[in-house]
Every structure is written in C-alpha cells, then in structure tokens.
Amino acid sequence: MGELSRFWRESNHRYRMIAIKCGNCNEVYFPPRDVCPKCHRESIGKMQETQLSGKGEIVSYTIVHDAPPAFMRQRPYVLALIKLDEGPTITGQIVDADHGALEIGKRVRNVFRKVREDGKSGIIQYGYKFVLEE
Amino acid sequence: MITLNDVYIIGAGETKFGELWERSLRELATEAGLRAIESAGIYSKDVEVLYGSNTLGGAINAQNDIGGLISDFTGLAHNNIPAISVEASTASGGAAVREAYLGIRSGEYNVAAVGGVEKLTDLYGSEVLDLTSTLLDSEWEGFFGATPAAIAALVAQKYMKDFNVDHESLAMMSVNDHMNASKNPDAHYRNVLTVEGAVSSTMVAEPLGMMDCSPASDGAAAIILASEEYVKKNKMNGIKILASAVAQDYLALHSRKSIYRFDSTVVAARNAFKKSGLKPDDISFAEIHDSYSIYGLIELEDLGFAKKGEAKKLLPDDIKLDGRIPINPSGGLKAKGNPFGATGVGQFVEAFQQLNGKAKDRQIKSPANALLHSMAVSGSTSVVHILEGN
Ligand SMILES: [Zn+2]
C-alpha cells in the first residue's frame, strides 16, 4: 500500500464522506464514481457531490482474527457492511463495541479514526469507522 | 455462414499441490506442461500457441509474464509460437482455458497448450495475506482491513442468518473435499476431516475458521486442446468442450445487487447451459471454486444445483462421490489445494481423468458430463465450462 498520491486523491471523499449523486436517476454512489452504472453516458457531466449523513445499519459483520500487517495491532477487529441511509452499502470497521452487542440490522454512525499503519513506511492513514448508535 | 470448430481436450497433467519449498515457479510449470504433452501423445513442435495462467507471480515471486516464462523453459519459445499471459484474479485458470478454446474454435489454431502455475509459499503468511487482499478493491475494501476471508465471512454471516444455516452445514463442504482429496495423490491435504474438527478450528474471520478456508498452495497444471479436425486426422480420443462462458460482477462485494448471490456465476452458468443444450440434471459431477466453505454452498445454488438458501439439503450425501451430484472429486480448493493460477486448470486435469475413467480410487461411476467453475476471489469473475466424455 505504498502509492501515497492515490490516498491524497481519495482522501477528501474518505475524510468527509462525500458521495456522488447521479443527476439523471438520483442514485447516490459511495465510493464515488465518475459514471453511473445504470445510466452510462446519460450520466456524463451530471455526477454531483453530495454529503452523506454517515448513518446507516449493519448488513453483515465479522470479527477478523487473521489480519494483514497494517492491521496487526488492531486484532481482533470488526469489519462490517453498512447500508447508509442515503442508499449505498460500504465496507468499514465498527469500533468501541462489545462484540456481543453486534447484530445485523443495528444502527451505526460514523466516527473519524486512524484506519491503518504501514509498518515499513510508517505512514498512518485516517478515515471513517463506525460506532453503534445509542 | 461461419462454421466454428469443435474443441477437444487431448492431454492433461499436473504437479502435486502443496507447500513445495524446494521447487521453483518455472520447474513446476515445466513439469506440468511436459506431463500434458506426454499425456496427449504429441510433441512440443505440434503446439501452435501457449496460454499461461497466473495470479500473483509479479507480487510474490517477482516474476511477471508467466506465458513468456513457461514458453522459455518448456522450449516452445525456440519455435517462436505465440505465448500469452492470462490474469483474471483467482479465475485465471478458467479464463486461460477459455482463451485457448476461443483460439481453436475460431479456426486460428489447431493445437493449444494452457499452463497454470502459482507459488504462494515464497513469502510469510501475513505478507501473502497483504497481497491476496489486493485482489479485492484495494482502496475501498482492503484499505479498511478487508481480506478475502473477511469478505467471505461477511457473506457467510448474512447467509447463515437469512436461511437459518449452521456452521456444521458449511463444514460439510470441507469434509467432502478432504474425503475426496484423501484419494488424490496430487492433493495438498490428504487427511480426513470431521465436522467436529472443522467447526472447532482456529477462527480466521468469524464465523469462518481455518477449516472453512482453502490453503495457500504451490502447484502447476496444464492441458492440451485440439480442434476436431486435428483429433480426427490423428485418430485421437478427446474430451469435448461443449460450452465455455464467462461473466463479470462488481469487483467490490458492497456494490453488488446481492451479497450472497454471485451474479457472475449465475450468468456464466446460464450461458454455458444454454450453449451446451444441457440442464443441471445432466451434469454427472462438478468441480467448483470453493475457496471458502460458504462459497461452495452459494455456488451450488448459483450454478443451478439447488434453490437459493437450500444448498444445505444436498449436504452431505448428495455431493459425495457416489451421490446425486458429486462435488469436487479432486478434493476441491480446500483439500486438493488452491495455487491460484493453477487451480482452474487443475479442475480440467481432474475432469480429464474422471471422464476417461482413470481417476482410480475416486472414480465416479460412468460420468457423462462435467461442469467446471473457476471464480475470482469473492465472485467478481466466473468462468464455467461444460465437458462431455467419450
Ligand atoms: Zn444514473
């Protein structure tokens, strides 16, 4: 994971959870896309940024024990599929939760956290994670 | 009116799959390739094109262009025939065979070789995990700590809840693989596994344990394809490829229409059945890409052998060697092993032996047709082939 410029490019969307809305069909996409998979060329020039609420619900989750090097210090961690209120489903971690309290369908909201540490280069990368809603 | 050539498999060979520390990428590929040539009863000079299949050679072994490497060390490069490298994630094997099939079907070639090779044990486990995770969407899955096993676990958790499936049902896929692999001398693991042993294995990503996950294997497999004209002229027996189909889905699981239906598999299978004129009931056995036990169940459904959520009804008896639809007579990805670029080609080696009645202890009784399914990591690409025996 060494390509630093790539993360700078994506960081605005990743830091502030900015999605893309297709002006042709109104579907909201996150991660951001340059073309709508449903409207294709009809969407060109109509893909607009839109702010997500960061709230959604758990579609599925897992507790990861076998982790890549950049996540060794976080083991075991909870990875989940979150369906955001605006429509898109995304992959992210759930933190600060008692594993026994995790359940499909539960509400979550986003928090800004350290996501990964690259041991070799020492680069620390930040982004969103999720916590269970009170 | 364009006439297309029928395509036959005339030879197949493979190395043992496993942790082959002392063997190099090129040695493994050459061994499998020469076995396939010998099995076909042809000479290297008869081969008109080579397709090399690999997934992570560039990252793990610092060797790109596997087609070029195999061509060089099997001596085919001396004849200057084309050598193409095919990479389609962990579906590279099926994809490479399909490219060779198309080359012959179009009339461009009469004899094609396909060689798949992978060497995953050259690095430490955690480094390999880092690299296999690049097969996912690196920026929006891998960045957040997703690994191929974690993605499979997300699929499993939701599937098990919605269809009331327990871990024991998943484990039966692995148990079946190990039972068949115990009869396959080329298999990575030849030990018999119990359901109790499988469900109590070390957790990888809950609910999946080590015995739900295919191992990182080394190995190589190769097959020789030929046109009907070549087969007839040389009075050979071949296994006919009735149909070949490939389909794609979103790379990232989170963007798919369903998280426990592999649409790439559904579409590839539908197209393959349509082209072959066969139905799932006509299939005598199948080799499926069960890189994770949960994927095995889902694939049984998406290939048309069971309705959605009902694969568990086929387990354990229907999928056994003497069952209604034997699955993975080779031992599958869990126990024969999963050397990515060789895995899909290895399925053809098994089918070639089975359809020729030469699978010895694990021979399925008089099989007529086989279905082979090769898939990219969490379902983004699927390749399906249907074969007809003699
Ligand atoms: Zn649109």
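## Classes in the largest pocket

In this predicted model, the lining of the largest pocket holds 20 nonpolar, 13 polar and 3 charged residues. Here Ala, Val, Leu, Ile, Met, Phe, Trp, Tyr, Cys and Pro count as nonpolar, Asp, Glu, Lys and Arg as charged, and the others as polar. A pocket is an open set of points on a 1 Å grid where a 1.4 Å probe fits, with protein on both sides within 12 Å along at least five of seven lines; lining residues have an atom within 4 Å of a point.

## Space and lining of the largest pocket

The largest pocket contains about 850 Å³ of space, a volume filled by probe spheres set on the points. Its lining has 36 residues, and those closest to the centre are Asp66(A), Cys213(B), Ser214(B), Pro215(B) and Ala216(B). In chain B, α5 (125-132), α6 (148-162) and β5 (203-205) each give two or more residues. The most come from α5(B), with 5 residues. Helices (at least four residues) and strands (at least two) are DSSP runs.

## The second largest pocket

About 580 Å³ of space lies in the second largest pocket. Of its 27 lining residues, Ala12(B), Ser39(B), Phe352(B), Gln353(B) and Lys358(B) are nearest the centre. By class, the lining has 10 nonpolar, 8 polar and 9 charged residues.

At least two lining residues come from each of β1 (7-14), α1 (25-40) and α13 (340-355) of chain B. β1(B) has the largest share, 5 residues.

## Notes

Residues are numbered from 1 along each chain, and chains are lettered from A in the order in which they are written. Local features need pLDDT of at least 70, while totals for linings use all residues, and hydrogens and water are left out of side-chain values.

Note on methods
This is a predicted model: local features need pLDDT of at least 70, side-chain atom pairs count only at pLDDT 80 or more; totals for chains, interfaces and linings use all residues.
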